[in-house]
Amino acid sequence: MTQTQIPKPGTAAAVRPARRPIRLTSRRGFVIFGGALLPLAILLVWQLSITLGVVSVSQLPSPAMVFLAAIDLYERGQLTLYVAISTQRVLIGFAIGASLGVAAGALVGLSRGANVLLSPTLGAIRAVPSLAWVPLLLLWLGFGEQSKITLVAIGAFFPVYTTVSLALRHVDQHLVEAGRAFGLGGIRLFTAVQLPAVIPSVISGLRLALAQAWLFLVAAELLGASMGLGFLLSESGGNGRIDRIILAIVLLAVIGKITDAVVGIFEKWANKKWA
Amino acid sequence: MSTVSTSIAPAAAPARTSAPADNTSFSVDFSDIGRSFTAKPERGAARGSTVAPRPVLRDVSLTVQPGEVLAILGTSGCGKSTLLRIAGGLDEPSTGSIRIDGSPLNGIDARCAVGFQEPRLLPWRTIADNVALGLPRRIGRAEGKSRVAALLELVGLTSFADHRPRAVSGGMAQRASLARALARNPGVLLLDEPFGALDALTRLKMQDLLLDVHAAAPTTILLVTHDVDEALQLADRIILLGADDDADDMAGGRTGATIVQELVVPGGRPRDRGSAELAELRGRLLAGLGIDRHGQARGVAATHTIPHFPY
């Protein structure tokens, strides 16, 4: 309130006297508008390149055709089904993988013995590409839901495991010692000092894990599924429906961004509370 | 249990014969404490490992009376913090033993509380919740709440109870840290350069606060400091840790620090900061720390702390 605003020449605050001294780039409306600029520009270039005949419609269908494909799929009831089943697989797999990741990360981060025992093996398993698991999981678990959820869980496990174990190893030793000096130990020390100290890293690990869960989902659905956005991709690739391929890509981008934004809001809240 | 022995402290002299339970103060006995670290400090470093251990402390024998304020002075790295950490159960002596109130210390003791050089407050908790961390385990919720409120009142942080540590100044955080240590109702309060990181004026205010706290609840205080004036202002007795000059015979190696000087500070607290009587003691202590006093005749300390401006 008593802060003196130093007007820098050229900035928006100097040109246009604002009621509150908030920078233009941190205003909500500007952020939303700015974020939407590039997608709108892409859409415009896409449409223009078709109307000007730069690319043929068989190579790249127009935005309207993609939209119509979405309507068509929706009317058949497939669009909702595919989106729902894919989201369900991601959420279940993410929940399983993330909780296992927190548990394993806590174990490896807190116990030297567990670190020696587990971390080389887990590091090696992490190095296996997602697609390498698919044939094995299909043979073991079949074409049902288990194989996809397992693969998604594998994808979600590692970001959480890595961030949690690293964060726990780097908790401020001064705070841990202070906690010990006041008689805390074991589980009480963990819940009072170590866990709150790593919550921000845990949440950023969860955010990474969610992104990775979507990647692994498509890998799972591409190779063996009868429903879902990955299946839509592989099926449309087989029968040459480029409009549906683009639709699936756009849907994956939008849904992935929405789930990420939800976790991002949670992250902001948690950072305010715990950091 | 708490037999009231006549303390050297003139301030703590009117000791109550039936001290209430929340005014306990215990004696601390160090006997032949020695501590050496292995050259490469590794986790769980075995004492008999191949690297030659580096002695830090040797033959420290000392009895601190209940209610006494003892200052431990020494140059940087002389092992004074190590001695305090041993008393707090955060470190273990290589040789010797330590007894509190006549019974041996074992691990982190509920009778001791530690105040660190840094506030070490949990950043996600409010000041009040941080102070509550120091409460003894068995205490009830309502009683704990009222004690935290009382301690915050004592250190003057009542209006900042709901603030996060990040939102308060360094001096306030250190006061909260002191309140957290006091919440444990310790028989022995161990302070490791508690005011070392504060600016000079805040430090002087904190010293007065500590004296007020001690007057209100006379606990035994072990205060590690490198500030001669602080020691003279607060302590009943000062010990100076350092390496003996004639003890460096072990193949040129260091032999570790021990008590090289011990002196009783005359006069009751609070003491006149400009007293000429203390000036002579200050000169002696500074000489013991290897500082040339530059002014034998006047007895003016060369390293008197001058507050920096602006604060």
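What share of the contacts in chain A with a separation of 6 or more comes from residues 24 or more positions apart? Keep that in mind while you go through these points.

1. First, a caution: this is a predicted model. As for the opening question, residues 24 or more positions apart account for 67% of those contacts in chain A.

2. Chain A is a run of helices: its secondary structure comes to 11 helices and 0 strands. Of its 275 residues, 39% count as buried. The accessible surface of the chain is about 15800 Å², and carbon and sulfur atoms make up 70% of that.

3. Now look at where the two chains meet. On one side, 19 residues of chain A are in contact with 22 residues of chain B. The area buried between the chains is about 1900 Å², with 60% of it from carbon and sulfur atoms.

4. Salt bridges come next. Side chains of opposite charge can pair when their charged atoms come close. Across the interface of chain A and chain B there are 2 salt bridges. Glu177(A) and Arg120(B) meet in a salt bridge at 2.7 Å, N to O. Glu177(A) and Arg120(B) also belong to a network of salt bridges with Arg85(B) and Glu118(B).

5. The interface also has 5 residue pairs in polar contact. Which parts of chain A do the touching? The elements giving two or more residues to that side are α8 (173–181), α9 (186–223) and α11 (242–274) of chain A. Of these, α8(A) gives the most, with 6 residues. By class, the side of chain A that touches chain B has 11 nonpolar, 2 polar and 6 charged residues.

6. Over all chains, the search finds 20 salt bridges. One of interest inside chain B joins Arg35(B) and Asp91(B), at 3.2 Å, N to O. Arg35(B) sits in strand β1 and Asp91(B) in the loop between α1 and β4, so the pair ties together parts that are 56 residues apart in sequence. Both residues are buried.

7. Another pair in chain B is Arg237(B) with Glu68(B), the closest N and O atoms being 2.6 Å apart. Arg237(B) is in strand β9 and Glu68(B) in the loop between β2 and β3, 169 residues apart. Are these two buried or exposed? Arg237(B) is buried, at 6% relative accessible area, and Glu68(B) is buried too, at 0%.

8. Finally, Asp227(B) forms a salt bridge with Arg203(B), with the closest N and O atoms 3.0 Å apart. Asp227(B) lies in the loop between β8 and α6, and Arg203(B) in helix α5, so this pair ties together parts 24 residues apart in sequence. Asp227(B) and Arg203(B) are both buried.

Conventions:
Residues numbered from 1 in each chain as written. Chains lettered and ligands numbered in written order. Predicted model: local features only at pLDDT ≥ 70, side-chain atom pairs only at ≥ 80, totals over all residues. Heavy atoms only, no water. Contact = heavy atoms within 4.5 Å. Buried area = accessible area lost by both parts, 1.4 Å probe. Salt bridge = Lys/Arg side-chain N within 4 Å of Asp/Glu carboxyl O. Polar contact = N/O pair within 3.5 Å; in protein donor to acceptor, adjacent residues only side chain to side chain. Helix = DSSP H or I, 4+ residues; strand = E, 2+ residues; numbered from the N terminus. Nonpolar A, V, L, I, M, F, W, Y, C, P; charged D, E, K, R; others polar. Buried < 20%, exposed > 50% of the residue type's maximum accessible area, 1.4 Å probe, protein only. Areas by Shrake-Rupley, 256 points an atom, 1.4 Å probe, with all protein chains shown as cover.
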